[in-house]
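Dear colleague,

I am handing over the structure below, and I would be grateful if you read the notes that follow with the model open beside them.

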Amino acid sequence: LWKDLAFVGAPWAPTRWYGGVVCDELRKKFDIWTSFRPKPRMVPHAVYEPAITNAVSSEALDLKLKNLCANGYGAGFNGGVVLRNSTWMLRAIEACPSKTYSGISLDGKKCAIEDEAEEDEYFALILASLGAPLPTAYEAALFGVETFFAEQVREYYGPYKHSQIEAFLTKRWGKDGLAKYERMHLRKTYNISYEDSENDLASSTLRTIPVTAHCPWKYHPDDITTKAQMREECKFLRYVM
């Protein structure tokens, strides 16, 4: 269901809690990394060159990042709970290595990390620029939640056609994905009545609950994280909150 992807995790919102615009910030970081030019060395020294299968050079990077926050794709994925393809991770490191951690010579490189970088931002950007298979923001929301659910993804990164949503559900959740989605959005699934005002409030917050969650209690109110729907769909969540 997810093996075709290079990297997937809970999608990021397009803005920071302090007001910054994530997409703009990421583009600036990418511009800094790809403006790297190695400084001449007066004395040659040996550098460990790891053997990387299907090595990719800096020239392979698409500097336009045309799918960053566009065409249904988001800004990236949280690195807390993820699936990653090791071959694509190595390709990213070879194309844009870290000066400190990679052990790769920066000679001839047109992309490099000279200072610190958040690993999830780094892989999201470099993999996107390499044309790696990445999920749309909505597909990522079917995998995981941190700051926002699939309903908000549709608002931020959509619109998505109804046929697209159905295709995503079947592809990522299996042949019963659409039925599972529809069940999640029915009050009767969670014994929520129209008459009970408290339950009625909870029913207004029914969400598309993904496969994984990363600290959802930090970003969502109790009427989402501790009430009927989350208790039913994430049966062990109560033991970690």
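**Helix α3 and what covers it**

The elements that cover the buried residues of α3 include β1 (7-11), α1, β2 (77-84) and α2. Please bear in mind that this is a predicted model, in which local features need pLDDT of at least 70, side-chain atom pairs count only at pLDDT 80 or more, and totals for chains, interfaces and linings use all residues. Residues are numbered from 1 along each chain as its sequence is written, and side-chain values use heavy atoms, with hydrogens and water left out.

Helices (H or I, at least four residues) and strands (E, at least two) are DSSP runs, numbered from the N terminus. Nine of the eleven residues of α3 are buried, so that the helix is mostly covered, where buried means under 20% relative accessible area, exposed over 50% and partly exposed in between, with a 1.4 Å probe and protein chains only. The buried residues are Asp120, Glu121, Tyr122, Phe123, Ala124, Leu125, Ile126, Leu127 and Ser129. Just after α3, Gly131 takes a positive phi of about 75 degrees.

**Two helix pairs**

Helix α1 (residues 22-34) packs against α3 (residues 119-129) at an angle of about 70 degrees, and their axes are 11 Å apart; axes here are lines fitted to C-alpha atoms, for helices over the stretch in contact, and angles run from 0 to 180 degrees between N-to-C directions. The two helices are therefore roughly perpendicular to each other, on a scale where angles under 35 degrees count as roughly parallel, over 145 as roughly antiparallel, 65 to 115 as roughly perpendicular and the rest as oblique. From α1, Leu26, Lys29, Phe30 and Trp33 meet Glu121, Tyr122, Leu125, Ile126 and Ser129 of α3, contact meaning heavy atoms within 4.5 Å. By class, this contact of α1 with α3 has six nonpolar, one polar and two charged residues; Ala, Val, Leu, Ile, Met, Phe, Trp, Tyr, Cys and Pro count as nonpolar, Asp, Glu, Lys and Arg as charged, and the others, Gly among them, as polar.

Helix α2 (residues 86-95) and α3 have axes that come within 9 Å and cross at roughly 85 degrees, and α2 and α3 are therefore roughly perpendicular to each other. Trp88, Met89, Ala92 and Ile93 of α2 make the contact with Tyr122, Phe123, Ile126 and Leu127 of α3, and the residues of this contact divide into eight nonpolar, no polar and no charged.

**The second largest pocket**

The second largest pocket holds about 360 Å³ of space. On a 1 Å grid over the protein atoms alone, a pocket is an open set of points with protein on both sides within 12 Å along at least five of seven lines, whereas a cavity is a set of points where a 1.4 Å probe fits but cannot get out, and lining residues have an atom within 4 Å of a point. Grid points are joined across faces, edges and corners, and a volume is the space filled by probe spheres set on the points. Of the 23 residues that line this pocket, Asn67, Leu68, Tyr73, Ala128 and Leu134 are the closest to its centre. The largest share of the lining, three residues, comes from α3, and by class the lining has 16 nonpolar, five polar and two charged residues.

**Individual residues**

Lys109, in the loop between α2 and α3, is buried, with a relative accessible area of 9%. Not counting residues up to four places away in sequence, Lys109 touches Phe36, Pro38, Val56, Ser58, Glu94, Ala95, Pro97 and Ile104; of these, Ser58 is 51 residues from Lys109 in sequence and 5.9 Å from it in space, C-alpha to C-alpha.

Leu65 has a positive phi of about 45 degrees although it is not a glycine, and at 4% relative accessibility Leu65 counts as buried. Asn71, also not a glycine, has a positive phi of about 60 degrees, and at 59% relative accessibility Asn71 counts as exposed.

The peptide bond from Gly158 to Pro159 is cis, with omega near 5 degrees, and Pro159 lies in the loop between α5 (150-157) and α6 (162-173).

**The chain as a whole**

The secondary structure comes to ten helices and four strands, and buried residues make up 45% of the 241 residues in the chain.

With kind regards
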